[in-house]
Every structure is written in C-alpha cells, then in structure tokens.
Amino acid sequence: SKNSTDNRFAHAGEILLRQHFARAWFDTTSSRKDTATDTAPNIVNEAKYSECSDEVESRRLTLSFEVVTSVLGQHGDIPRRDFLILTAIADRSNGGRF
C-alpha cells in the first residue's frame, strides 16, 4: 500500500518536508563550505527540522500527510510543484485521539 511506512511515498514525504525547512530557514551566514557542491551547508534548517521533530515526538503526536508529486502517481491534475498536505494529527498521549 502506498500509505504504509518505509517506502518511496514515505521517503518522498520526508524529502519534501526537509525541502520546506531548507526554504524556510536557509543559512546564508555559514562560513563552512561543502566541497561536493561548493555551497554553504544548511546547519540552521537541519537544526530547525530536528527541533520540530523532537517537539512532535516529545508531545507524542503523529502527523499524517498526503504526498502530492508530479512523478509518484496521479492526483487528477499533475502539480507544477510537489507538496505535502497535513491531513491529521493524532495525540498518542491520550489513546490516539484525533
């Protein structure tokens, strides 16, 4: 099932979420360089991604997303840009309440 975990759909969702953090918190002030791409590493966005993940985990929340891509299946119209839609948040600390 495409809605299971640890498959190309789940991995695409993680990539899209990380891209969101990269756009929102791109670190242009870093003096370190990545020799493979000759660009400043994104220390800030990785820290924000980890901070958000830690917060979601500490609150025992589960986030469900719909992954809409132009290459992994059809969703009616083919989007110009891949995106995520947050569809549900489950609070596991109270028996899985939505």
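The model is predicted, so local features need pLDDT of at least 70 and side-chain atom pairs count only at pLDDT 80 or more, while totals for chains, interfaces and linings use all residues. Residues are numbered from 1 along each chain as its sequence is written, and side-chain values use heavy atoms, leaving out hydrogens and water.

**How the helices cross**

- Helix α1 covers residues 8-24 and helix α2 covers residues 43-58; their axes come within 8 Å and cross at roughly 120°. (Helices are DSSP runs of H or I with at least four residues, strands are E runs of at least two, and both are numbered from the N terminus.)
- That makes α1 and α2 oblique to each other, since angles under 35 degrees count as roughly parallel, over 145 as roughly antiparallel, 65 to 115 as roughly perpendicular and the rest as oblique.

**Salt bridges**

- The whole structure has 4 salt bridges, meaning a side-chain nitrogen of Lys or Arg within 4 Å of a carboxyl oxygen of Asp or Glu.
- One of them joins Arg18 and Glu14, at 3.0 Å from N to O. These two sit 4 residues apart in helix α1, so about one helical turn separates them.
- Arg18 also pairs with Glu46, with the closest N and O atoms 2.9 Å apart. Glu46 is in helix α2 and Arg18 in helix α1, so this pair ties together parts that are 28 residues apart in sequence.
- Glu51 and Lys48 are 3 residues apart, about one turn of the helix.
- Thanks to shared partners, Glu14, Arg18 and Glu46 are joined into one network of salt bridges.

**A loop residue with positive phi**

- Arg60 lies in the loop between α2 and β1, and its phi is near 55°, a positive value in a residue other than glycine.
- For context, most residues other than glycine have a negative phi.
- Arg60 is partly exposed, at 40% relative accessible area (buried means under 20%, exposed over 50% and partly exposed in between, using a 1.4 Å probe and protein chains only).

**A nonpolar patch**

- Leu63, Phe65, Leu86 and Ile89 make a nonpolar surface patch of about 320 Å². (Patch residues have over 30% relative accessible area and no salt bridge; nonpolar side chains are joined within 5 Å, like charges within 9 Å.)
- Strands β1 (61-68) and β2 (83-91) each supply at least two of the patch residues.
- Leu63 is in strand β1 and counts as partly exposed, at 33% relative accessibility.

Terms used. Accessible areas come from the Shrake-Rupley method with a 1.4 Å probe; for residues, only the protein chains shown count as cover. Axes are lines fitted to C-alpha atoms, for helices over the stretch in contact, and angles run from 0 to 180 degrees between N-to-C directions.
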